[in-house]
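Hi everyone, thanks for making time this morning.

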Amino acid sequence: MRRRSMVPDDIFRKAVDAAKSVSQHAYAPYSKFPVGAAVITEDGSIITGCNVENASYGLTICAERNAVFHTVSLGLTRIVMVIVYTPTETPTAPCGACRQVINEFGPQAEIVSICDKPDRRLQDRLDALLKDAFGPRNLQK
Ligand code: THU
């Protein structure tokens, strides 16, 4: 397993377990596509989120955004990694909306997507997944 990042192995492993575990709380009766996410912040905190769907469909929130909002609500704003877990045979990278939200707090965060096939992991930096992102700096005068 090749992995190069600033996140220590023990924290990475705990975050993978946390993302898997929180996927069991996903509320996904419509898509039947549970997702778990774990954010790792600069101080090594691990904050989780799952997708929560709604009968109106459009109000569904993805696991990644739920985890980022949870992170900010705890007073943490420096994201270094986001792990996305789906109980599938292929990994799932964050949707465009989630990439934009992650950019606000972790423009260089590592985004790791894992599934039930350990050899099929995706790993990219957010700035590669969202090139020339619009962000806080664009609003500076
Ligand atoms: N979903 C996520 O939570 N994260 C992703 O990266 C992709 C999609 C959710 C939204 C919806 O509840 C379900 O997966 C199907 O799109």
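Let me start with a definition: I call it a salt bridge when a side-chain nitrogen of Lys or Arg lies within 4 Å of a carboxyl oxygen of Asp or Glu. Do keep in mind that this is a predicted model. By that rule, we count three salt bridges.

One of the three pairs Arg-78 with Glu-42, with 2.9 Å from N to O. What does this pair link? It connects distant parts of the chain, 36 residues apart. Arg-78 sits in the loop between helix 2 (63–73) and strand 3 (79–85), while Glu-42 belongs to the loop between strand 1 (36–41) and strand 2 (46–50).

Now, on to the ligand. It is surrounded by 13 residues, and the closest are Asn-51, Glu-53, Cys-62, Ala-63 and Glu-64. Sorted by class, that shell has seven nonpolar, four polar and two charged residues.

Which atoms of the protein come up to the ligand's oxygen atoms? From Asn-51, a polar side-chain atom lies 2.9 Å from a ligand oxygen. Ala-63 uses its backbone instead, with an N or O atom 2.9 Å from an oxygen of the ligand. For Glu-64, a side-chain N or O atom is 2.5 Å from a ligand oxygen. As for cover, the ligand taken alone exposes 370 Å², and the protein buries 79% of that.

Last stop, the largest pocket, with a volume of about 330 Å³. Its lining has 13 residues, and Asn-103, Pro-107, Ala-133, Gly-135 and Arg-137 are the closest to its centre. Helix 3 (residues 96–105) gives the largest share of this lining, three residues. By class, the lining splits into five nonpolar, four polar and four charged.

Definitions and conventions: Residues are numbered from 1 along each chain as its sequence is written. This is a predicted model: local features need pLDDT of at least 70, side-chain atom pairs count only at pLDDT 80 or more; totals for chains, interfaces and linings use all residues. Side-chain values use heavy atoms; hydrogens and water are left out. A residue is near a molecule or strand if one of its heavy atoms lies within 4 Å of it. A polar contact is a pair of N or O atoms within 3.5 Å; within protein, one must be able to donate a hydrogen and the other to accept it, and residues adjacent in sequence count only if both atoms are side-chain atoms. Accessible areas come from the Shrake-Rupley method with a 1.4 Å probe; for residues, only the protein chains shown count as cover. Ala, Val, Leu, Ile, Met, Phe, Trp, Tyr, Cys and Pro count as nonpolar, Asp, Glu, Lys and Arg as charged, and the others, Gly among them, as polar. On a 1 Å grid over the protein atoms alone, a cavity is a set of points where a 1.4 Å probe fits but cannot get out, and a pocket is an open set with protein on both sides within 12 Å along at least five of seven lines; lining residues have an atom within 4 Å of a point. Grid points are joined across faces, edges and corners, and a volume is the space filled by probe spheres set on the points. Helices (H or I, at least four residues) and strands (E, at least two) are DSSP runs, numbered from the N terminus.
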